[in-house]
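Here is a short report on one structure. Please read it alongside the model.

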Amino acid sequence: MSKTVREIAELMGVSSDDLVKEKQRIRDEMKRQNIEVKKLGNKFVVSDSDVESVVAALKKKSVKESSKKKEDSEELLRLINSLKEENSELRSKNEELSERLIRITSKKNEEIRRLNSKIEKYADDFKEFNDKQLQLNNQQQQLQARILEQTKQLKDTQQRLLTSAEKSSELQNKVDKIENASLWQRITRKFD
């Protein structure tokens, strides 16, 4: 008795989801083996002996494919395990680097705080120095103003002394004239 491609696929236990794919595989195998297809009514059929050779060849291929898939699966599992180990190592290194980064950042932050403290101290010292400089400048200006005032007073006093000296000299001249004057000049009061 002969069978159609669909019947061969069902004979091999293929699910309805994979039926189209499996029918194509059966057709490809029949072409590869140059199997003669006969038309029986509306259906194309293959003899039972040819069915057995196609089924045997496809089962052999299925075994090879499943073996290949198994090897691929095992290789993928090995690769997954290797990647898991590598991921674990990377995670460990990442944690270590994160801790190191935290320590470095902490040290840098501490250094920044220390430097900021120094800067604040220097700023305070500079402000204090600046305030003292302003006080000294004010004192210097006050001293200069007092010196100018005293210099003016000294000049005024010197001028008065000069004026007094001139008057004293004039008076001394008059006294000398009076003392040296004759009796007549004393009486008439003409001392020229």
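Glu22 is buried, because its relative accessible area is 9%; buried means under 20%, exposed over 50%, and partly exposed in between (1.4 Å probe, protein chains only). This is a predicted model, in which local features need pLDDT of at least 70, side-chain atom pairs count only at pLDDT 80 or more, and totals for chains, interfaces and linings use all residues. Residues are numbered from 1 along each chain as its sequence is written, and side-chain values use heavy atoms, with hydrogens and water left out.

**Salt bridges**

The side chain of Glu22 forms a salt bridge with that of Arg25. Here a salt bridge is a side-chain nitrogen of Lys or Arg within 4 Å of a carboxyl oxygen of Asp or Glu. Both residues sit in helix 2, 3 residues apart, about one turn of the helix. Helices (H or I, at least four residues) are DSSP runs, numbered from the N terminus. A network of salt bridges links Glu22, Arg25 and Glu65. The structure holds 11 salt bridges. Three of the pairs are tabulated below.

| Pair | N to O distance |
|---|---|
| Glu22 and Arg25 | 3.0 Å |
| Glu75 and Arg78 | 2.7 Å |
| Lys132 and Glu128 | 3.5 Å |

Glu75 and Arg78 both lie in helix 3, 3 residues apart. Glu75 is partly exposed at 43% relative accessible area. Arg78 is partly exposed too, at 48%. Lys132 and Glu128 are 4 residues apart in helix 3, so about one helical turn separates them. Lys132 is partly exposed at 45%, and Glu128 is partly exposed at 44%.

**Largest pocket**

The largest pocket holds about 290 Å³ of space. On a 1 Å grid over the protein atoms alone, a pocket is an open set of points where a 1.4 Å probe fits, with protein on both sides within 12 Å along at least five of seven lines; lining residues have an atom within 4 Å of a point. Grid points are joined across faces, edges and corners, and the volume is the space filled by probe spheres set on the points. Among the lining residues are Glu22, Arg25 and Glu65. Helix 2 (19-32) and helix 3 (48-180) each give two or more residues to this lining. The largest share, 4 residues, comes from helix 3.

**Nonpolar patch**

Leu76, Leu77, Leu79, Ile80 and Leu83 make a nonpolar surface patch of about 470 Å². Patch residues have over 30% relative accessible area and no salt bridge, and nonpolar side chains (Val, Leu, Ile, Met, Phe, Trp, Tyr) are joined within 5 Å. Accessible areas come from the Shrake-Rupley method with a 1.4 Å probe. Leu79 lies in helix 3. Leu79 counts as partly exposed, because its relative accessibility is 45%.

Conventions
Patch = residues over 30% accessible without salt bridge, like charges linked within 9 Å, V, L, I, M, F, W, Y side chains within 5 Å.
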